[in-house]
Amino acid sequence: MSQGTVLAFDFGLKRTGVASGELEIGVAHPLTTITADNKPARFAAIDRLVKEWQPGLLVVGLPLHPDGAEHDMTRSARNFATALEERFGLPVFLHDERYTSAVVEDEHRTAMRAGVKSAHSIDARAAQLILQGFFDERTTA
């Protein structure tokens, strides 16, 4: 698949950041943050997004320790990716999200010190970095 809309998720137990982009141009944009602490509410919000954006594939950030080792959130993200694939019948790719949260939190702190209010949540921005990394990796592969 070389064109079409992609939705990416920075999965969290309480908040899930969402980004969108187009495969053809390979540019990601922060979209929204889903605030839900249970699976039915989270998937109801995702259902609406999938219906609206009609993606051709989905990307889920894969949290790993700096050395690449997996942890509890890694398993949760993998389970979330499997649930997306089963629910929507779309290809779901996992993309290493190491350091995206640190980058976004650093950007947020810098913006706050400069008196700039962030237009997008940290979670949506993290999803954007995950998706942009996915796009960039595809173009260099």
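I take two strands as paired if DSSP finds at least two bridges between them. Helices (H or I, at least four residues) and strands (E, at least two) are DSSP runs, numbered from the N terminus.

**Entry 1, ground rules.** I am working on a predicted model, where local features need pLDDT of at least 70, side-chain atom pairs count only at pLDDT 80 or more, and totals for chains, interfaces and linings use all residues. Residues are numbered from 1 along each chain as its sequence is written, and side-chain values use heavy atoms, with hydrogens and water left out.

I listed 4 helices and 5 strands. Along the sequence they follow the pattern β-β-β-α-β-α-β-α-α. For burial I used relative accessible area: under 20% is buried, over 50% exposed, and partly exposed in between (1.4 Å probe, protein chains only). By that rule 41% of the 141 residues count as buried. I then looked at contacts, meaning heavy atoms within 4.5 Å. Among contacts with a separation of 6 or more, 63% come from residues 24 or more positions apart.

In what order do the 5 strands stand in the open sheet? I read β3-β2-β1-β4-β5, with mixed pairing. The edges are β3 (27–35) and β5 (92–96); each has a single partner strand, so one side of each is left without a neighbour in the sheet. From one strand to the next the twist averages 25 degrees. Angles here run from 0 to 180 degrees between N-to-C directions, and axes are lines fitted to C-alpha atoms, for helices over the stretch in contact.

**Entry 4, strand pairs.** I went through the pairs in turn.
- β1 and β2 are antiparallel over 6 bridges, and a hairpin joins them through 4 residues. T5 stands opposite E22 in β2.
- β2 and β3 are also antiparallel, over 8 bridges. S20 has H29 in β3 as its bridge partner. Their hairpin has 4 residues between the strands, and G26 there takes a positive phi near 65 degrees.
- β4 (residues 57–62) and β5 run parallel, joined by 5 bridges. V60 stands opposite L94 in β5.

I also checked the cover on β2: 6 of its 8 residues are buried, so I note the strand as mostly covered.

Which strands does helix α1 (residues 39–53) lie across? I found β1 (5–10), β2 (15–22) and β3, with α1 running at about 145 degrees to β3. Helix α2 (residues 72–88) lies across β1, β2, β4 and β5, and runs at about 170 degrees to β4.

From the α1 side I noted K39, R42, F43, I46, D47 and V50, which meet F80, A83, L84, R87 and F88 in α2.

For the 19 residues of α4 that gives 27 Å, and the end C-alpha atoms are 27 Å apart, which agrees. The buried residues of α4 are D123, A124, A126, A127, Q128, I130, L131, F134 and F135.

Technical notes. The expected span of a helix is 1.5 Å times one less than its number of residues.
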